[in-house]
2 protein chains.
Amino acid sequence: MSAQPLYRQVKQHILERIESGGLPINARAPSEAEIVEAFGVSRMTANRALNELAKEGLLVRIAGSGTFVADRRARGELVALRDIAVELAERGHAHAVDVLAHEKVVASREMAAAFETRAGAPLVHALLLHRRDGEPVLLEDRLVSAALAPGYLDIDLTRVSSYAYLMEVAVLQKVEHTIRAEPASADAARRLKTAKGAPCLVVRRRTWSRGEVASVATLTYAGDRYEMSGVIAGEDHSSRRAHA
Amino acid sequence: MSAQPLYRQVKQHILERIESGGLPINARAPSEAEIVEAFGVSRMTANRALNELAKEGLLVRIAGSGTFVADRRARGELVALRDIAVELAERGHAHAVDVLAHEKVVASREMAAAFETRAGAPLVHALLLHRRDGEPVLLEDRLVSAALAPGYLDIDLTRVSSYAYLMEVAVLQKVEHTIRAEPASADAARRLKTAKGAPCLVVRRRTWSRGEVASVATLTYAGDRYEMSGVIAGEDHSSRRAHA
DNA sequence: ACTATAAACCTGTATATACAGCTTGTCATC
DNA sequence: GATGACAAGCTGTATATACAGGTTTATAGT
């Protein structure tokens, strides 16, 4: 306790007023000048407190007008989709990959549409079966832009995850996901060693780098063997940071 | 273009060096002093640029030591779980709710465990069937802490979503999710008008407010009628803001 | 009553300065 | 050679000040 930086004390105070309902949604939050007055801090310190709360989504600042309590109802909660290799490692499971395909392909019309490019563009296709403690849990069907990730054909997919490689090649700008529950196709069922029609969690993901679609992946998880989970903590209001 | 604020120009420059691979993971990023030198800006401006990139997850700053390129490989991508009422409204669908149950209950041992409280604690139970254009798509089974959300029993659940109400009552601190693909139970199948055993997307969610579990919900989506999707844009690097 | 102008207020950005505290490498001493 | 003191370099925080530009409210003039 004690000796928290001033800007945090200010943040904390405003946060408490929001939590307690003293500042309802869309209410006007104290202006920088009012904070300067009330707390005896400089305007830059007040500015920092309000800006950080704004960036955390609790306030909305409108230049010229004022600072207001954000409407957080429509924001939606976030779930982290993690790299399966990392996830399994953290939980103490063995992770292994069978590379069922890893080859150059030329974009069909359908593929080109997903990549927002012309048919015939060079792509790399990979089909991977991920095993947890030997048991198949995930079928990963992935197409990667050869232009954006030229080395993808050469990497050892049993050792480097596609995700890690793509992150290394370029900063990921945008991700689009679709999550569905689907019955296993005949092919997926055979590979995941489950019954045809058994519920599977299917994630379709497109990622962008440098303004272009870098990768399109379909991840089919065996529903009876896998669940995605995650915890999202607000923004570490109030409490101490985690251990290093 | 033109006349971007200085701190953004600095951010942009560093970002480009990261994207191009000029600054690999764990490499030392320019210090504030070096930026002052190179760009002719003040240290506070350099500080702002580096701090924002750090908050966006691209850099890691260690007091006393320096600023380094973050390892973004393990970070995981985020998917937004949105309020179904908002989501359907945005897509132009009609949204309706049947309230199948809305009652006070006393926590069983099992419920108490989920709420991390004692058995016998007062809860409110709601069972809601959400319809999209008349067709059932989601069965929401929710328990809410009566202590944290005293008015929950009295609200009109056909008009105010549980989520919106809980957000109004208190700031949401933490959310825990589990997403699975499961065969529909007999009960869920009957209510969602689907076949028993049909794939369903099941989201189990616990939310915390004021340090306590505020709500535990099980959301069962009809797999053949619903998918979750979302786009996460990096942090609006490079490009202009969206329209108001 | 209506309108145009001005004043008051607000946030956004930028600078110069200062001190605290941590980390790392160097150098002198034992 | 090991150790401890010191200096250099880095980030974190805080202040005072300044100007630009948008918004809102009040005011004066028509």
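Student: Which residues come nearest to DNA strand D?

Tutor: This is a predicted model in which local features need pLDDT of at least 70 and side-chain atom pairs count only at pLDDT 80 or more, while totals for chains, interfaces and linings use all residues. Residues are numbered from 1 along each chain as its sequence is written, and chains are lettered from A and ligands numbered from 1 in the order in which they are written. A residue is near a strand if its C-beta atom, placed from the backbone, lies within 6 Å of it. Of the 22 residues around DNA strand D, those that come nearest are Pro5(A), Leu6(A), Ser42(A), Met44(A) and Gly64(A).

Student: Which elements give two or more residues to the surface near DNA strand D?

Tutor: Elements here are DSSP runs numbered from the N terminus, helices being H or I with at least four residues and strands E with at least two. Both protein chains take part: chain A gives H1 and helix H3 (43–55), and chain B gives helix H2 (32–39), helix H3 (43–55) and strand S2 (66–69).

Student: How do the residues of the surface near DNA strand D divide by class?

Tutor: Ala, Val, Leu, Ile, Met, Phe, Trp, Tyr, Cys and Pro count as nonpolar, Asp, Glu, Lys and Arg as charged, and the others, Gly among them, as polar. On that scheme the surface near DNA strand D has nine nonpolar, ten polar and three charged residues.

Student: Which residues come nearest to DNA strand C?

Tutor: The surface near DNA strand C has nine nonpolar, ten polar and three charged residues. Its elements with at least two residues each are H2 (32–39), H3 and S2 (66–69) of chain A, with H1 (6–19) and H3 of chain B. Of the 22 residues around DNA strand C, the nearest are Pro5(B), Leu6(B), Ser42(B), Met44(B) and Gly64(B).

Student: Which element gives the most to the side of chain A that touches chain B?

Tutor: Two residues are in contact if their C-beta atoms, placed from the backbone, lie within 7 Å. The contact takes 43 residues from chain A and 46 residues from chain B. Elements of chain A that each supply at least two residues include H1 (6–19), H6 (162–169) and S8 (199–209). The most, ten residues, come from S7(A).

Student: Which residue stands opposite Val79(A) in S3(B)?

Tutor: Two strands pair if DSSP finds at least two bridges between them. S3(A) and S3(B) run antiparallel and are joined by five bridges. Opposite Val79(A) stands Val79(B).

Student: Which residue in the turn between S5(A) and S6(A) has a positive phi?

Tutor: S5(A) is joined to S6 (residues 135–145) of chain A by ten bridges, and the two run antiparallel. Val124(A) is opposite Val144(A) in S6(A). The two strands form a hairpin with two residues between them, and the turn residue with a positive phi, of about 50 degrees, is Asp133(A).

Student: Are H1(A) and H3(A) parallel or oblique to each other?

Tutor: Axes are lines fitted to C-alpha atoms, for helices over the stretch in contact, and angles run from 0 to 180 degrees between N-to-C directions. The axes of H1(A) and H3(A) come within 9 Å and cross at roughly 50 degrees. Angles under 35 degrees count as roughly parallel, over 145 as roughly antiparallel, 65 to 115 as roughly perpendicular and the rest as oblique. H1(A) and H3(A) are therefore oblique.
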